[in-house]
Amino acid sequence: MTDPETMLERLVDATQLLAQPPEVQESLLPSFVVVTDELAQGYSDAYLLLAQIRNAGLIDATQQECFDRVQEVLEEMSRQGDKGTWSVEGLRSSDEWKSVRLAARSALDSLGRELRLPTLEGVTFVKSRRL
């Protein structure tokens, strides 16, 4: 099992990726993935570690709420279906993705973390069937 500090860094890294401008997000991911799907799934996977991070005392309740908010925005986008939001153009221009970026930056701010490029260490990308 991974230690809580490593779990926190994985969550921060996924959050860093969501907080980036769209052109940076696109440039950091391989061309064979659906960028919007990868962004959302990468965060959702890391978000699953949040309870363990909180139980280890690495974040407080207010910080957890910030990460919860990011997940809530992504889940709401999924519930709305694909109104173009899940396209590259949607990533670049939709209000929904702007909300995701703002929520992600707020979560990073809650930890006192500055916006930086994510390392994507340990992340494996699999070619999408949608391409």
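This is a predicted model: local features need pLDDT of at least 70, side-chain atom pairs count only at pLDDT 80 or more; totals for chains, interfaces and linings use all residues.
Student: What makes the pair of W86 and W97 edge-to-face?

Tutor: A pair of aromatic rings is described by the distance of the centres and the angle of the planes. Rings pair if their centres lie within 6.5 Å, and planes over 60 degrees apart count as edge-to-face; the centres of W86 and W97 are 5.5 Å apart and their planes stand at 85 degrees, so the pair is edge-to-face. W86 lies in the loop between α5 (61-80) and α6 (88-93), whereas W97 belongs to helix α7 (residues 95-110), and the two are eleven residues apart.

Student: Which residues of the largest nonpolar core touch the most other members?

Tutor: W97 is one of them, together with L18, L39, Y43, V70 and L74, in a core of 34 residues. The most residues come from α1, which gives eight to this core. Leaving aside neighbours within four places in sequence, V70 is in contact with L18, Y43, A103, A104 and A107.

Student: What residues lie closest to the centre of the largest pocket?

Tutor: The largest pocket has a volume of about 410 Å³, and of its 24 lining residues R10, A14, A46, E121 and V123 are the closest to its centre.

Technical notes
Residues are numbered from 1 along each chain as its sequence is written. Side-chain values use heavy atoms; hydrogens and water are left out. On a 1 Å grid over the protein atoms alone, a cavity is a set of points where a 1.4 Å probe fits but cannot get out, and a pocket is an open set with protein on both sides within 12 Å along at least five of seven lines; lining residues have an atom within 4 Å of a point. Grid points are joined across faces, edges and corners, and a volume is the space filled by probe spheres set on the points. Rings of Phe, Tyr and Trp (its six-membered ring) pair if their centres lie within 6.5 Å; planes under 30 degrees apart count as stacked, over 60 as edge-to-face and the rest as tilted. Helices (H or I, at least four residues) and strands (E, at least two) are DSSP runs, numbered from the N terminus. A nonpolar core is a set of buried Ala, Val, Leu, Ile, Met, Phe, Trp, Tyr and Cys residues joined through side-chain atoms within 4.5 Å. Buried means under 20% relative accessible area, exposed over 50%, partly exposed in between (1.4 Å probe, protein chains only). Contact means heavy atoms within 4.5 Å.
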